[in-house]
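Me: Hey, I've just opened this one and I'm new to it. Can you walk me through it?

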Amino acid sequence: APALAAAAVTAPPSPPPPSTPPPPPPHRPDARVVQLRWRRDSLMLVYDAKKVHGNHRFVHSPTVLNNGDGVDHIFTCHNHIPWTFSDWVYYINRREDQEALTTVAMYPGVRYPGQFGVWWGDLGDWPWQHNYYWNACEPAVLARTITYRRQTFNNIMFHTSMPVERFNCIRYLVDGLNATAPPNRTCLDESEANEIHVVYFDGLRNTETLTPLQHKFLRFSPTVNKPQPRPFEYGIGQPSIATFGTNGTWLFHTYGDSEGVYTRWNVHFSPLHFDDNGEPHLPQLRELSKQGITDLFGRPVNLLSNVDVTYDAHRDMVYMLTDLYPFPLNSRVSGAAQILSISRRGLLDQSEPWRQVGVIYEDEAYPARLAAAYGVELSMPHNAIHTGLKRHHNPSFVKAGDGNLLDPHRLRIYFTSADDTPASDCAASHGETCAEWSYKLWVVEAALH
């Protein structure tokens, strides 16, 4: 595989500052009415890991900031070593009209000269590494000045992680970082060990000065009514950030939430506060209402995960991206995404239903194919854009630094595509035809009215 391009990349700027929207207007009864019109010629390939770094690489789950100057600052999950299913956060910047052809490995980072970041995946053989955490994925970045441990930082990243002893895809720590053969043992799903970590950083200045600080923020804490997640469920992760005017900044995240013998996911949310020591707190965590959210066939959903949220101060509206259930048969990820809206007060008071304003999927026949596969009556969602791509998962909005909508006249949405390879093909081909190796980032745009 080609050498990483990161060493030749000019150090990118700090993520953009937060937007400064006007104060939210008074709540209006008709605030839920918003129209979204797809710009069908806007679909564009953003980043192809194989083209940049060679075979057996993947990329997914971006968070994207833009300060209005036409440059997207992308923080995205990415494997750093060929064949491995371990996530790092890579930084990419690109002009809106250009495909990205370079990256910077950011978090957990790299230990090689000429590249950015700090390696967090080792078992303590570097002096600053004694945390024993492996994965870093599904980032959410907030541009805000915070003093933490007597250091001042202008950015905070929240991301999903898990203890290294629970992650079973780390053979390269044993077999050597330069190994190129596919893994020789099965990777188990340890998602119930997921946690959220927070990272403080103040830009990528050069390879010598960047030393981000990170610590555990949230870990699954069982209560009488909430048992520990069972295997193959989910812990806590997939954070998203938005700022609701005078209501402050809020953090949303996926929460593994079993009910009886049924495994499910929900989304929890709370105001995001920082104490005098710079430590984050979620003082009012509660479950996000699923009222009004339906699957592809018009049925109310009983689970919710993998959301991204942004606030439109111009209309006093909140928009949410999430998977459009059900997944295609034999697929672990969504084939379609949906955009939902609700008023700010309706969200915070949980007093209104969500309203679907648009969907993204492959082609006109996608609903019929799934209806036939699941043996249910066909139902056609309204206002769909057809991309011609397989899968549309881990979607995210392009936002300002505070997590808010940058331009009240348009939505720009990133998502991950993949070749439609069943999961079983990965094992059958000894890792050669895994769908992950075909992951790409795309962006599509819609006008708001």
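Me: Let's start with C77 and C137. Are they buried or exposed?
Reply: Both C77 and C137 are buried. Keep in mind that this is a predicted model.

Me: What joins C77 to C137?
Reply: A disulfide, with the two S atoms 1.9 Å apart. In general, a disulfide is a covalent bond between the sulfur atoms of two cysteines.

Me: How many disulfides does the structure hold?
Reply: It holds one disulfide.

Me: Where do C77 and C137 lie?
Reply: C77 is in strand β3, residues 71-78, and C137 is in strand β6, residues 137-148, so the pair ties together parts that are 60 residues apart in sequence. The link is right-handed, with 105 degrees about the S-S bond.

Me: OK, and β3, how does it run with β4?
Reply: β3 and β4 run antiparallel, and eight bridges join them. As one spot to look at, I74 stands opposite I92 in β4.

Me: How many residues of β4 are buried?
Reply: Six of the eight residues in β4 (residues 88-95) are buried, which leaves the strand mostly covered.

Me: Let me zoom out. How many helices and strands are there?
Reply: The protein chain has five helices and 23 strands. Of its 449 residues, 60% are buried.

Me: What about the accessible surface?
Reply: It comes to about 18000 Å², and 52% of that belongs to carbon and sulfur atoms.

Me: And contacts between residues 24 or more positions apart, what share do they account for?
Reply: They account for 64% of the contacts with a separation of 6 or more in the protein chain.

Me: Switching to charges. How many salt bridges are there?
Reply: The count comes to 16 salt bridges. One of them is between the side chains of R412 and E96, at 3.8 Å from N to O. That pair links distant parts of the chain: R412 is in strand β22 (residues 410-417), E96 is in the loop between β4 and β5 (104-107), and they are 316 residues apart.

Me: How accessible are R412 and E96?
Reply: R412 counts as buried because its relative accessibility is 7%. E96 counts as partly exposed, at 23% relative accessibility.

Me: Which residues are in a network with R412 and E96?
Reply: The network of salt bridges links R39, D72, R94, E96, D407, R410, R412 and E445.

Me: Give me another pair. What does K399 form a salt bridge with?
Reply: With D308, and their closest N and O atoms are 2.8 Å apart.

Me: Why does K399 count as buried?
Reply: Because its relative accessibility is 4%, and the cut-off for buried is under 20%. D308 is buried too, with a relative accessible area of 7%.

Me: And R369, what's its partner?
Reply: R369 forms a salt bridge with E362, with the closest N and O atoms 3.0 Å apart. Here R369 counts as partly exposed at 35% relative accessibility, whereas E362 is buried, with a relative accessible area of 12%.

Me: Loops next. Where is S438?
Reply: S438 is in the loop between α5 (423-428) and β23 (440-448). It is buried, with a relative accessible area of 10%.

Me: What does the side chain of S438 reach?
Reply: It reaches the backbone nitrogen of D419 at 2.8 Å and the backbone oxygen of A435 at 2.7 Å. Leaving aside neighbours within four places in sequence, S438 is in contact with S417, A418 and D419.

Me: There's P328 as well. Where is that, and what does it touch?
Reply: P328 sits in the loop between β17 (317-323) and β18 (337-343). Not counting residues up to four places away in sequence, P328 touches V333, S334, G335, Y366, L370 and Y374.

Me: Is P328 buried or exposed?
Reply: P328 counts as buried, at 18% relative accessibility.

Me: Last one: where is F201?
Reply: F201 is in strand β8, residues 195-201, and it is buried, with a relative accessible area of 2%. F201 and M157 are 44 residues apart in sequence, and 8.0 Å apart in space from C-alpha to C-alpha.

Conventions: Residues are numbered from 1 along each chain as its sequence is written. This is a predicted model: local features need pLDDT of at least 70, side-chain atom pairs count only at pLDDT 80 or more; totals for chains, interfaces and linings use all residues. Side-chain values use heavy atoms; hydrogens and water are left out. Helices (H or I, at least four residues) and strands (E, at least two) are DSSP runs, numbered from the N terminus. Buried means under 20% relative accessible area, exposed over 50%, partly exposed in between (1.4 Å probe, protein chains only). Contact means heavy atoms within 4.5 Å. A disulfide is a pair of cysteine sulfur atoms within 2.5 Å. A polar contact is a pair of N or O atoms within 3.5 Å; within protein, one must be able to donate a hydrogen and the other to accept it, and residues adjacent in sequence count only if both atoms are side-chain atoms. Accessible areas come from the Shrake-Rupley method with a 1.4 Å probe; for residues, only the protein chains shown count as cover. Two strands pair if DSSP finds at least two bridges between them. A salt bridge is a side-chain nitrogen of Lys or Arg within 4 Å of a carboxyl oxygen of Asp or Glu.
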